[in-house]
Amino acid sequence: MLLCELEADTTNLSQHGNMNKLKRDEKKSHEFQFFSFESIASVTNNFASTNKMGESGFGPVYKGKFQYGQEIAVKRLAVGSGQGLVEFKNELALIAKLQHTNLYMPNRSLDFFLFDPVKKNLLDWKKRLSIIEGIAEGLLYLHKYSRLTIIHRDLKASNILLDDEMNPNISDFGMARIFGRNESEAKTKRIVGTRGYMSPEYALKGIISMKADVFSFGVLLLEIISGMKNNSCCDSDLPLNLIGQAWQLWNDGRALDPLDSVFDEPSSHFGVQRFIHASLLCVQDHATDRPIMETVVSMIKNESIPLPAPKQPAFFVNTVGEEAEQLENKSQNVSINNVSISIMEAR
């Protein structure tokens with residue numbers, strides 16, 4: 001499937017000096033293929049709501065199909081988006097170089113199903129297991145087996161797109177960071193991503209590594225199991241976020257309490273409890289205590305592998321304190337409503 005990305009309208013295209021580049025259909029430049037705005041509007045039925053597949057940090061995503069049968073996904077930059085041309089180019093550059101069965105090829109996003117009280121019933125344990133394994137394998141590919149070593153930096157439910165058979169595909173690489181082959185950690189002053197999914201060392205100190213993606217995966221794993229958003233748990237009556245709840249229940253011997261209502265068969269409970277265990281290992285407070293994705297894939301695919309006891313993970317308590325204020329100050333470019341905002345930095 002081809003992924004095309006365009007500005008919000010022809011006026012914006014002209015302002016960015018890109019109209020001339022997009023005028024000629026199927027013009028190839030390096031590894032990219034360009035199409036006119038008019039042709040993309042035509043195949044998406046003028047960006048009809050019935051063709052809308054979901055939302056990304058850039059804006060809405062639409063499906064389309066050319067007369068010769070080629071299916072495409074079109075990201076349309078929203079006027080109010082915190083992202084722009086730099087992020088577009090960054091994602092396109094990565095898409096041209098990466099190939100994996102669990103990347104791109106979108107239908108609807110995971111959050112569209114997972115957090116809907118009715119649609120989530122389409123995701124039984126077998127399907128959720130397949131989604132979890134697919135995400136883990138896609139992330140492992142980015143970290144270890146792709147042509148580039150890539151830290152995604154914004155792994156979350158809305159950035160997991162599902163095909164017609166509910167197979168998961170990691171999307172939205174506008175914030176991804178490319179690492180050199182011998183590079184394992186970097187520090188940045190620009191914090192990008194989505195609050196609730198960011199590791200503490202990244203949110204507070206700007207330290208980025210593969211372990212930051214592992215933390216995000218751990219949060220996502222808990223969300224897939226519980227059907228609840230990590231951030232939505234924070235209110236006056238329920239001071240702990242989802243990670244905090246999972247840790248508290250684990251210590252109380254009630255790890256299965258946050259199970260989504262779709263898990264009505266006790267036969268699946270052992271596997272689910274192991275996945276909760278793995279998720280707690282992924283969201284450990286210190287990066288050194290978290291497994292690498294290669295180990296995570298082994299954990300979730302091989303039940304015979306013993307798992308170490310988790311330490312207290314990093315979680316948010318809904319109280320105002322020095323650390324909470326520090327996180328707030330450090331995360332000025334971070335969304336609080338699951339929409340990613342970033343200021344790009346030189347690589």
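User: Which residues does serine 216 touch, not counting residues up to four places away in sequence?

Analyst: The model is a predicted one. In it, serine 216 is part of helix H8, which covers residues 210–226. Once residues up to four places away in sequence are set aside, the residues touched by serine 216 are Leu155 and Tyr197.

User: Is serine 216 buried or exposed?

Analyst: A residue counts as buried when its relative accessible area is under 20%. The relative accessible area of serine 216 is 5%, so this residue is buried.

User: Why is the pair of phenylalanine 35 and phenylalanine 66 classed as it is?

Analyst: Planes under 30 degrees apart count as stacked. The ring centres of phenylalanine 35 and phenylalanine 66 lie 5.2 Å apart and the planes are at 25 degrees, so the class is stacked.

User: How many residues apart are phenylalanine 35 and phenylalanine 66, and where do they lie?

Analyst: Phenylalanine 35 sits in the loop between strand S3 (32–34) and helix H3 (37–43). Phenylalanine 66 sits in the loop between strand S5 (60–65) and strand S6 (71–76). The pair thus links distant parts of the chain, at a separation of 31 residues.

User: What is the relative accessible area of phenylalanine 35, and what is that of phenylalanine 66?

Analyst: Both values are judged against the limit for buried residues, under 20%. Phenylalanine 35 is buried, at 4%. Phenylalanine 66 is buried as well, at 10%.

User: Which residues are linked into a cluster by ring pairs?

Analyst: The stacked pair of phenylalanine 35 and phenylalanine 66 belongs to this cluster. Ring pairs join these two rings with a tyrosine, and the members are Phe35, Phe66 and Tyr68.

User: What is the geometry of the pair formed by tryptophan 125 and phenylalanine 275?

Analyst: Planes over 60 degrees apart count as edge-to-face. Tryptophan 125 and phenylalanine 275 have 5.2 Å from centre to centre and 80 degrees between the planes, and their arrangement is edge-to-face.

User: How far apart in sequence are the parts that this pair ties together?

Analyst: Tryptophan 125 is buried at 14% relative accessible area, and phenylalanine 275 is buried at 4%. Tryptophan 125 lies in helix H6 (residues 125–145) and phenylalanine 275 in helix H10 (residues 269–282), so the parts tied together are separated in sequence by 150 residues.

Definitions and conventions
Residues numbered from 1 in each chain as written. Predicted model: local features only at pLDDT ≥ 70, side-chain atom pairs only at ≥ 80, totals over all residues. Heavy atoms only, no water. Phe/Tyr/Trp six-rings, centres within 6.5 Å; stacked < 30°, edge-to-face > 60°. Helix = DSSP H or I, 4+ residues; strand = E, 2+ residues; numbered from the N terminus. Buried < 20%, exposed > 50% of the residue type's maximum accessible area, 1.4 Å probe, protein only. Contact = heavy atoms within 4.5 Å.
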